[in-house]
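User: I'm new to this one and would like a close look at a single part. Could you walk me through the sheet?

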Amino acid sequence: LDGFDEWYATAKEFENPNSVLKKAGDRGTLIHEAIENWGQSGVAPNPQDFEPEDRDRVAGVAKWLIENEPEFIEQEVRTASLKYKYVGTFDAIVVFGAGDYKGKRALLDWKTSKNVYPDQHYPQLSAYVEAEREAGIEPFDLSAIIHIPLDGKVKLHENDEGFREFKVLLPHYA
């Protein structure tokens with residue numbers, strides 16, 4: 001540990017990893033709130049209302065919302081499977097009013113992570129769909145991750161996995 005105190009005192013860009021994670025989480029929360037506001041009011045978020053480092057992302061969200069015109073049926077939906085004993089919250093059920101998925105009813109989850117992680121995100125979506133099916137909810141035309149990266153290039157990633165993959169993972173989280 002010789003020299004640590006001197007290094008630490010001179011580290012200008014040092015940032016606690018927990019602080020970095022918290023900032024990323026706070027940013028994700030702001031984006032989720034902006035989308036929820038659209039769902040309630042139909043007003044697209046204004047990038048100028050956000051910090052400079054978030055403006056590209058917010059502009060991308062606004063563009064995506066305007067191009068796809070999602071009608072929000074439900075937001076922040078808590079769901080559960082009694083059969084498989086899990087709970088979760090997904091972001092929205094929408095019906096698309098425009099774009100490639102016009103007329104489609106979808107279960108969506110927003111992700112502001114650096115990437116989409118199919119081995120994690122798709123089984124999670126499949127679990128939400130299964131819990132909704134178990135509850136007697138009308139089937140969805142699709143389930144998807146809406147990836148919202150920093151650069152604002154928002155993309156819909158349609159879930160192509162079934163519930164079987166989630167069932168394989170479930171014992172590891174029990």
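In what sense do strand 4 and strand 5 pair, and over how many bridges?

Analyst: Strand 4 (residues 142-147) and strand 5 pair in the antiparallel sense, over four bridges. A quick word on the ground rules: this is a predicted model, where local features need pLDDT of at least 70, side-chain atom pairs count only at pLDDT 80 or more, and totals for chains, interfaces and linings use all residues. Residues are numbered from 1 along each chain as its sequence is written, and side-chain values use heavy atoms, with hydrogens and water left out.

Strands here are DSSP runs (E, at least two residues), as are helices (H or I, at least four), numbered from the N terminus. Two strands pair if DSSP finds at least two bridges between them. Back to our pair: Ile 146 stands opposite Leu 156 in strand 5.

Now zoom out. The open sheet has five strands in the order 1-2-3-4-5, with mixed pairing. Strand 1 (70-81) and strand 5 (155-158) are at the edges with a single partner strand each, so one side of each has no neighbour in the sheet.

Helices join in too. Helix 3 (residues 55-68) packs on the sheet, touching strand 1, strand 2 (86-96), strand 3 (105-111), strand 4 and strand 5; contact means heavy atoms within 4.5 Å. Helix 4 (residues 118-134) also packs on the sheet and touches strand 1, strand 2, strand 3, strand 4 and strand 5.

Leaving aside its neighbours within four places in sequence, Val 87 is in contact with Arg 78, Thr 79 and Ala 80.

Terms used
Axes fitted to C-alpha atoms, helices over the stretch in contact; angles between N-to-C directions.
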